[in-house]
Amino acid sequence: MSNKWKKRLMSGLIIGSIFCFATGCKQNKKTESGTVQSADVKEMIYESSEYNIEGLKAEIDRVDVQRNKIYLSTHEWTEKDGEEESCMHIYSTDLEGNHLQEVTQLKSQYGQYPMHWSVGKTGEMVINLKVYEEDSDRSYIVKLDSNGKEVLREPVETILGDESGECNGIVFDDQGNIIVAMDSDIYILSEDCKSAEKIRLKEKGDIRGIVLTSDGEVICGTSLFQGDKVITQLHMLDVEKQKLEMLFETSASYLFSIEAGDESADYDIYYSDANGIYGYQLEEKREDKLLDYAESYISEEDRFNIVSLTKDQFLGITEGEFASLVLYQRADPSEKQEKTVITLGALWMDDIVKRQAIEFNKNSENYEIELKEYAQEEDPVAKMNADIMAGNVPDILLLSMLPYEQYVAKGMFEDLTPYFERDEEIDTKDLSDSVLEAITMDGKIYYTSPSFKISTMVARKSDVGEQTGWTFEEMKALINQKEEGVRPFYYESKSDMLYPFMKDGLKDFVDWKAGVSHFDNDNFKNILEVCKSYGGNQKREYTEDDVPDLISLIQDGEILFADGEVDFLGVQQYRKLFGEEITYIGYPNEKKQGTYFVFDAPLAIYSKSKVKEGAWEFLRTFMKKETQGKNAIYLNGTPTRKDCLDLLVQALTTTETYIDEFGQEVYPLDAGNVEAGYGDMIIDYEPLSQEEIDQYMDLINRTHQVSDYNDTIFKIIQEEAEPYFFEEKSLDATIEIIQNRITTYINENR
């Protein structure tokens, strides 16, 4: 088996987008369970340095602090009798990194990784071990005695039952109980792991971790979902009574990890979210935010395994060519260099933007990017729009899910063309021709983006042939030929079925520059008629057990089309999803041009910003060959640069491993190396053929417009279409109301 473990792509190509994430805020707040302390962000800045432990074998993959010791694991592949064998070493040291001892070696023919572990009071150990087996990933519970000898190994599903999910933490308490956190449940296992008592979380959410404090208390961290908000809490587990007691509602957003402090630690509990690390004192019922990731320039990749030594020191793993240990120490606030702040606003902050901001802040002598995300607002879109309309506009805007044409019509964005012309390193000629054409408006360029996907509609070639576009009449004619019960899309309700038709092509109906709308035409009438005829009467709230099987519905012909965002891999993906040859026909419209660029991290500069040159210094980093080339092999969209597009094609078609010009090892898309999951269906990719490359390149070359979603307009259409869908208003009356409301909205917000 290859020493490159499986990479699973959780596909978002089908059925629209679901977006949710939250960030923490810095403020004092009092709750019934304690106090959140405010702190100056300068007090949360840590500097990094190498942390060497002599004697470690192989590359490190996990670090933890338990019972006054540092525990580490490393992983290596060796050859035995001509076969590769995986060996995981587990070590312990004192808190200064001295007196290294090997606890045990765990060997397997498959790749393996310790997800969680816990150390008993006499040195025994229990491990949640993920093993990357031939056809699936399997989770085990492994128990070691105080000498490191393996005394038990059982699959988690065998111990806990078929309904068990992902393990989110494990504890070996002072009474010898093994306690496992699984999704929304806690299991208390017998000593031999043959039986388990289950405690279910009462509210909707996840148990994100479970730890044992130095005083022997079992604490778990939960992230609960209350509407669109995420509430994170700490709970104490009474093992004897099998009850959870809520201790504290934290200021953290969705919980990443939780750990316990040792006897000498300043805090009993440490926990982290997307923004930083917090400490909590049980006796004082007080939380402090200790470390801020962005201010400390800690990358996204390096945030997932950081553990506390003291409140002023954390130990983590940094991802480079080889993973290594890094020590984070609190910096002297007085030594922080003062820079000009550039604000960057977004509804939801894209990961590549966060990574680039960290790198930019590290390297820039004059400027610092400050991220402002609206995700935690009750209505992020409404709040951000309100700020923009009030003139409270960030220096840079991330335009994902924002109505960029509306903002262009208001004169909000700087024309970037002169910046490109003055730049000695990047040029508009670097961009793919169709991309450059699509982002140019009236001869001006208002935003940049490092990559894109293409929003389109996919149909069977046996239904539509090889045509590259069609009208509503042609689409309706095909639907009408089908048997009763066949519907166009996976969406069930009439209202939801509006989404694929309206999410990209609003510019067919709205002219922000002229201040007019065109919903009183045959195309929009066709949309309403199709949704009324083929959508269900009400929205359906699904449980995990009754979600319709998309693959079966498509392959049985009950659903005609798939809608979503496509990249190079979509050529293989959709063909296997449909079970036959497919055509990217696009959404129907009058011009038969229904494909749209959806740009990843599209960034614009506010036309009244006082730091335009600094803002351009940041934007240009996304257009550099090194930035796009390094991201290309991770399959995050398609690069907008021609030369990086060529590099991606090389990576996707190679049949041999090679080192690219950026020093990255590129693996071929052989079966099992990269895969996508649709429910129970797993799609293993293979190196793309020239025919597949040509099919996607053709799609790129015939795409000439950009998706322009407007949440407010879409909600107006949904609201006013409901009476028509349920026979309460005529089609003409409905269209007249929609036309009038949207025209009024346009002119009030131009």
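Biologist: How many bridges join β10 to strand β11 (residues 137–144)?

Modeller: This is a predicted model, in which local features need pLDDT of at least 70, side-chain atom pairs count only at pLDDT 80 or more, and totals for chains, interfaces and linings use all residues. Residues are numbered from 1 along each chain as its sequence is written, and side-chain values use heavy atoms, with hydrogens and water left out. Strands are DSSP runs of E of at least two residues, and helices runs of H or I of at least four, numbered from the N terminus; two strands pair if DSSP finds at least two bridges between them. β10 and β11 run antiparallel, and the number of bridges joining them is eight.

Biologist: Which residue in β11 is the bridge partner of Y132?

Modeller: Y132 belongs to the β10 face that also holds V126, N128 and K130. Its bridge partner in β11 is D137.

Biologist: Which residue stands opposite Q112 in β10?

Modeller: Strand β9 (residues 111–119) pairs with β10 in the antiparallel sense over eight bridges. Opposite Q112 stands V131.

Biologist: How many of the residues of β10 are buried?

Modeller: Buried means under 20% relative accessible area, exposed over 50% and partly exposed in between, with a 1.4 Å probe and protein chains only. M125, I127, L129 and V131 are buried on one side of β10, and V126, N128, K130 and Y132 on the other. The count for strand β10 (residues 125–132) is eight of eight.

Biologist: What span does helix α10 (residues 522–534) reach from its first C-alpha to its last?

Modeller: The expected span is 1.5 Å times one less than the number of residues. For the 13 residues of α10, 18 Å is expected, and the span reached is close to that, at 18 Å.
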